[in-house]
Amino acid sequence: MIELAPSILSADFARLGEDAQAAVEGGATVLHVDIMDGHFVPNLTIGPPVVASLRKVTQVPFDCHLMIERADKFIPAFAEAGVNWISVHQEACVHLDRTLRLIASHGCKAGVVVNPATPVHTLDEVLPLVHHVLVMSVNPGFGGQTFIHSALKKIESLSQIRRARGLNFRIEVDGGVHYETVADIVRAGAEILVAGSAIFEHGSPRESACKLLRSARAAANERLL
Ligand code: DX5
Ligand code: ZN
């Protein structure tokens with residue numbers, strides 16, 4: 001099933017609740033929440049209190065993408081704030097297995113993220129532990145960047161590995177997802193589409209979500225034919 005997870009990073013933070021709700025009305029079934037620490041990535045975003053406030057305005061699962069060092073220290077606070085999925089970067093976690101188990105122990109779905117330069121085979125040992133694998137199709141830190149096409153091959157590989165090993169993780173993609181790239185992304189096998197600027201920087205988030213999902217589902221249907 002194709003799902004749209006708008007990244008609130010590109011929303012208008014003065015009307016965060018309204019923007020999030022509008023995207024959900026347009027068909028988004030997950031909200032992607034980007035957490036940056038100014039160390040692992042060269043940017044800063046929000047912390048648990050903002051997430052807890054946003055939690056009050058919508059029921060959809062929150063997909064918390066941690067782009068931070070020392071994730072273990074912050075996982076309990078994000079779980080407490082009401083997020084449902086938490087993903088951590090392979091590159092940022094020295095004890096990745098422990099961190100993924102920690103996420104699950106707080107009642108959240110664990111995900112692992114790979115940067116554009118990180119090969120998929122580095123995840124071999126943790127794939128049975130995760131609910132989703134997030135393939136970065138830009139270098140993390142900012143919205144509005146150009147899609148890096150080598151991500152498509154990584155999505156295809158993950159899809160093959162999942163089949164060969166009989167695993168169940170979902171495949172998510174983040175960065176540069178918009179109308180021009182979405183069909184190739186879906187054809188490669190991605191199921192959860194994170195999109196920030198495509199949803200929040202072109203007029204109505206409701207309309208934009210609806211349009212992007214329509215293109216994505218059309219490509220998914222072609223893939224099944
Ligand atoms: C980038 C973030 C993304 C970002 C995507 O580090 O992880 O979620 O918001 O933005 P777009 O869709 O504009 O590339
Ligand atoms: Zn993200």
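Reply: A polar side-chain atom of H65 lies 3.3 Å from an oxygen atom of ligand 1, in a polar contact, that is, a pair of N or O atoms within 3.5 Å. This is a predicted model, in which local features need pLDDT of at least 70 and side-chain atom pairs count only at pLDDT 80 or more, while totals for chains, interfaces and linings use all residues. Residues are numbered from 1 along each chain as its sequence is written, chains are lettered from A and ligands numbered from 1 in the order in which they are written, and side-chain values use heavy atoms, with hydrogens and water left out.

S7 also takes part, with a polar side-chain atom 2.8 Å from an oxygen atom of ligand 1. For D174, a side-chain N or O atom is 2.7 Å from an oxygen atom of the ligand. Ligand 1 on its own has 380 Å² of accessible area, and the protein covers 99% of that (Shrake-Rupley method, 1.4 Å probe).

The shell around ligand 1 holds 20 residues, and the closest are G141, G144, D174, G196 and S197; a residue belongs if one of its heavy atoms lies within 4 Å of the ligand. By class, 8 are nonpolar, 10 polar and 2 charged, where Asp, Glu, Lys and Arg count as charged, Ala, Val, Leu, Ile, Met, Phe, Trp, Tyr, Cys and Pro as nonpolar, and the others, Gly among them, as polar.

Strands β2 (31-36), β3 (62-67) and β8 (192-195) each supply at least two residues of this shell. β2 gives the most, with 3 residues. The chain has 8 helices and 8 strands in total, taken as DSSP runs numbered from the N terminus (helices H or I, at least four residues; strands E, at least two). Along its principal axes, the C-alpha trace of the chain spans about 45 × 40 × 30 Å.

Conventions: Polar contact = N/O pair within 3.5 Å; in protein donor to acceptor, adjacent residues only side chain to side chain.
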